[in-house]
Amino acid sequence: MVGNEAQTSLKSKNVSYERILNRYGWGFTFFALILLITFLFYPIIYSLYLSTMSSKGIVQKFVGLNNYIRLFNDQMFLIALKNTFTFLVIQVPIMLFLALVLAAILNDKSIKFRGIFRTGIFLPAVTSLVAYAVLFKMMFSLDGFINTTLMNFHIIQKPIPWLLDPFWAKVTLIIAMTWRWTGYNMVFYLSGLQNIPYDLYESAEIDGTNKIQQFFYITLPMLKPIIIFTTIMSTIGTLQLFDEPMNLSSGGVTASSIGPGNSLLTLSVYIYNLAFKYMPNFGYAAAVSYVIVFFAAILTIIQFRVAGEKD
Amino acid sequence: MRKLIAYIISIVFVLSLLLTGCGNTSNSSSSNNSPQQNTSSTSGTKKITVWAWDPNFNIAIMNDAKAIYTKEHPDVQIDVVEMAKGDLEQKLNTVLASGVKEGLPDIVLIEDYNAQKYLQAYPGAFADLTDKIDYSKFAKYKVELMTLNGKIYGVPFDSGVAGFFYRRDILEQAGYKAEDLNNITWDQFIEIGKKVKEKTGKYMLGFDPADGGLMRIMLQSAGEWYFDKDGKPNFTNNPALKEAVITYKKLLDSGIVKKVSGWNEWVAAFNKGDTAAVVTGVWIIGSIKAESSQSGKWGLAPVPRLNISSSVNASNLGGSSWYVINSSKNKDVAIDFLKEIYAGNNDFYQKILVERGAFATYLPAQTGNAYSAPDPFFGNQKIYSDLSEYMKKIPPVNYGVYTYEADSAIMGIMPNVYSGKISVDDALKKAEEQLKNQINQ
C-alpha cells in the first residue's frame with residue numbers, strides 16, 4: 001500500500017517536473033523562436049504580400065497577381081530565366097561528375113600525397129566569391145593570362161573573346177564556377193566514400209570485377225544519398241547565382257548589360273537590378289524571387305522522386 | 001532564489017536584444033579630424049552627415065568644403081561618409097523605402113541619371129530648394145535634371161561635359177594637326193582612326209562593346225534620349241538612336257577600336273599608350289593624368305557629332321549633384337552649407353579644379369583664373385576654358401526615370417547587331433518592345 005502511494009506521488013511529481021522542464025524548454029527556445037519569426041517567417045510572408053504590389057519606391061499600388069502575369073511578357077526576365085537554367089543544366093552535372101571522379105581517385109589508399117591533392121582541390125572553396133570572380137575576369141581578359149598562354153602554346157591562333165562574346169562569356173562563368181565549387185562537393189563525396197565498408201570492394205574483387213565496375217555498381221549506389229544532397233544544394237545555389245555574374249560582367253553595378261548581350265544575367269542579378277539599379281520596384285522584385293522559390297521547390301521534389309523511390 | 005536569478009538574466013537578455021535593435025548605427029569613415037570637429041560634446045553642435053562615393057574625387061572635395069565651412073562655423077560638425085556607389089544607392093533605396101528616418105544622411109550625392117528616379121520614387125524625401133539657391137548661376141541643362149513639377153531639388157555639382165581627348169604625338173605621326181580634329185563627325189573620326197592604325201599601328205579608341213556610355217554621348221549630342229517627351233520609350237522613331245547604333249557597329253567593324261571589358265581595362269588601354277584617344281566625360285582627366293609619362297602629349301577637341309543635322313559637337317556623360325534629405329534634423333544647416341560653398345564660393349571651385357580636376361557647373365566659377373590657365377599636361381592647351389565653351393552647347397535632355405533599363409535593353413541586343421544577325425531597325429524594334437514589357441508600359 002505504502003509503496004503504491006509512493007509510486008503515484010512519484011508519478012505526479014514526475015509529471016510536474018516534466019512540466020517544469022517543458023516550461024524551461026519553452027523559455028529557452030522562446031528567444032530563438034522570436035528571432036526566427038521576426039527574421040525568417042515575417043519576411044517570407046511580407047515578401048509574399050509585397051509581390052502583389054507594384055511600386056515606384058514608396059509609391060505603391062495593389063495589383064494582385066498582375067506581377068506574376070507580367071513576368072510572362074517580360075523578355076528580360078525570360079532571358080534571366082533561360083540563362084539561369086543553362087548554367088544549371090550544364091554546370092551542375094559537369095561539376096558533380098568531376099567532384100565524384102576526383103573523390104574516387106583521391107580515396108585510393110595507394111596514391112601518394114593524397115592530403116596535398118585533397119587540400120589543393122578543396123582550397124578554391126575557401127576563397128571569397130568576389131575575389132575569385134575578379135581574378136577570373138583579369139585572367140580571361142582579351143590579352144589576359146589564359147589567352148597569352150594558349151597562344152604561346154599555339155593552341156589557338158587568335159585570342160578568344162572570353163568576356164566579350166555572349167557564348168564565351170557563359171563558358172567563362174561555367175569554368176569559373178566549376179573551379180570554385182568542385183572541391184567543395186568533392187569533400188562531401190570523400191566523406192561518403194569513407195562510410196562504404198571495404199569488404200564490399202574485397203568481395204567484389206574476389207568475384208572478378210574491375211575498378212570501373214566497382215565504381216558503377218558499388219560506389220555510385222552507396223553514395224546515392226550524398227549525390228542527391230549535393231545535387232539539391234548545387235541546384236539551389238545555381239538558382240541563386242549572383243556574385244559571379246555580377247563581378248564578371250563589365251562594370252558590376254553600373255554596367256549597361258550583365259555580360260555581353262545580357263548573357264550573364266541571372267534571376268538573382270535581375271532581382272537586384274529591379275530593386276536597386278532600375279526604378280525601385282520592390283513588389284515586382286519580390287515576385288521574381290518567388291519564381292526562384294517555386295523552381296527550387298519543384299526541382300527538389302523531382303530530384304527526390306527520381307532518386308529516392310526505392311528507399 | 002534561483003528562479004529570480006533566471007528571471008533577471010532573461011530580462012537583461014531581452015532588454016539587450018531590444019536595445020541593440022534600436023541602437024544608433026552612425027558609422028563614419030572620415031579620417032580628417034580637424035580640431036573644430038572634436039567639439040561634439042559641447043552643447044549646440046550641429047552635426048551633418050554626407051554620403052558620397054569617390055575618395056579621390058567627391059569625397060576629397062567634400063572634405064575641402066568641410067574645412068572651409070567649419071572654419072567659419074565652428075559649431076557645425078560635418079561627417080563625410082564614404083561608400084561604394086552601388087552600396088550607397090542600395091542603402092539609400094532601402095532606408096527610404098522602409099520609411100524610417102534613422103540612418104539617413106543629411107546630404108547625399110546622386111548621379112544625374114538617377115536623380116529623377118529618386119525624386120519620383122520617394123516624393124517628399126528630398127528638400128525643395130527652389131527659393132534657397134540662385135539657380136540662374138548654374139548650367140541650365142543641369143538644373144533641368146533636378147526639376148520635378150516646377151520645384152527644384154538639389155545643388156548641381158560636377159559636370160560630365162564630354163570631350164575628345166587625344167594623343168597629339170600619335171595623331172601627328174599619322175599626319176593630323178589639332179585643327180583637323182575640331183568639329184568632326186563620327187565618320188570622319190573613323191577615317192582618322194584607320195589612318196592612325198595604318199601609320200602607327202595604334203588603336204584609336206578603347207571600346208567596351210557592352211557599355212552604353214558612348215551611345216549616351218552620341219544621343220545627347222543630338223538632344224535626344226531613349227524616351228520621348230512623355231517619358232515613353234522611343235527607339236524606333238528616333239533617328240539619333242538609330243545613327244548611334246549604326247556608328248557603334250561601324251566603330252567595331254572598322255578595326256580601329258581595341259576591345260576591352262570593364263573600366264580597368266578601358267583605362268589601361270590609354271594609360272599604356274595602346275590607344276590614341278578617348279571620348280568621354282571630363283572626369284576622365286584625373287585618370288589620364290595618372291600616367292605622368294604622357295605629360296604634354298595630350299590634346300582636347302570637341303566630341304564628334306552624329307551624321308544627322310540635329311547633332312552638335314557637344315555632349316555630356318555622367319555628372320552628379322548634392323541633395324538634402326527632407327527629414328534631416330539639421331536641414332537648414334545642410335542647406336546653408338551647400339549654399340555657401342557650392343553656390344557661392346568661387347575660390348573653392350578654382351581650388352577643386354586645380355587639385356581634383358572637378359569641372360563645375362557653377363557658371364561664375366568658369367571665369368576664374370584656374371579655368372583660363374593653360375594645362376602643361378595637355379601641351380599648354382587651355383582645356384578648361386575650351387570645356388566651358390563645350391558645356392554651353394550641351395543640348396538639355398530629360399533623362400527620365402528608366403535610363404538604366406533602356407541602356408540595358410539596347411546593349412543587350414547589340415551583340416546580334418554586331419554579328420549582323422539582325423538589322424538595326426529590327427533590333428531597335430525588338431529592344432523597344434522588350435523595354436516596354438519590362439517597365440510595364
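Reader: In which loop of chain A is Asn262(A) found?

Author: In this predicted model, local features need pLDDT of at least 70, side-chain atom pairs count only at pLDDT 80 or more, and totals for chains, interfaces and linings use all residues. Residues are numbered from 1 along each chain as its sequence is written, chains are lettered from A and ligands numbered from 1 in the order in which they are written, and side-chain values use heavy atoms, with hydrogens and water left out. Helices (DSSP runs of H or I, at least four residues) and strands (runs of E, at least two) are numbered from the N terminus. Asn262(A) is found in the loop between α11 (243-248) and α12 of chain A.

Reader: Is Asn262(A) buried or exposed?

Author: Buried means under 20% relative accessible area, exposed over 50%, and partly exposed in between, with a 1.4 Å probe and protein chains only. Asn262(A) has a phi near 55°, a positive value in a residue other than glycine. At 2% relative accessibility, Asn262(A) counts as buried.

Reader: Which residues does Asn273(A) touch, not counting residues up to four places away in sequence?

Author: Asn273(A) has its place in helix α12 (residues 267-277) of chain A and counts as buried at 1% relative accessibility. A contact requires heavy atoms within 4.5 Å. With residues up to four places away in sequence not counted, the residues touched are Ile258(A), Leu265(A) and Tyr278(A).

Reader: What radius of gyration does chain A have?

Author: The radius of gyration is taken over C-alpha atoms, and the globule rule is 2.2 Å times the number of residues to the power 0.38. The C-alpha atoms of chain A fill a box of roughly 100 × 75 × 35 Å along the principal axes. A compact globule of 311 residues would have a value near 19 Å, but chain A has 26 Å.

Reader: What distance separates the centres of domain 1 of chain A and domain 2 of chain A?

Author: Domain bounds come from an automatic or database domain assignment, which for chain A gives domain 1 (2-50) and domain 2 (69-309). Contact between them involves 4 residues of domain 1 of chain A and 4 residues of domain 2 of chain A. Taken over C-alpha atoms, the centres are separated by 42 Å.

Reader: How far apart do the centres of the positive and negative side chains of chain A lie?

Author: Lys and Arg count as positive and Asp and Glu as negative, while His and the chain ends are not counted. The place of a charge is NZ of Lys, CZ of Arg, CG of Asp or CD of Glu. Chain A has 21 positive and 14 negative side chains, and the centres of the two sets lie apart by 10 Å.

Reader: How many residues of helix α8 of chain B are buried?

Author: Helix α8 of chain B spans residues 213-221, and its buried residues include Arg216(B) and Gln220(B). The helix is followed by Gly223(B), whose phi is positive, near 70°. Helix α8 of chain B is largely enclosed by the rest of the structure, because its buried residues number 9 of the 9.

Reader: What relative accessible area does Asn149(B) have?

Author: Asn149(B) lies in the loop between β4 (147-148) and β5 (151-152) of chain B. Its phi is positive, near 50°, in a residue other than glycine. Asn149(B) is exposed, with a relative accessible area of 73%.
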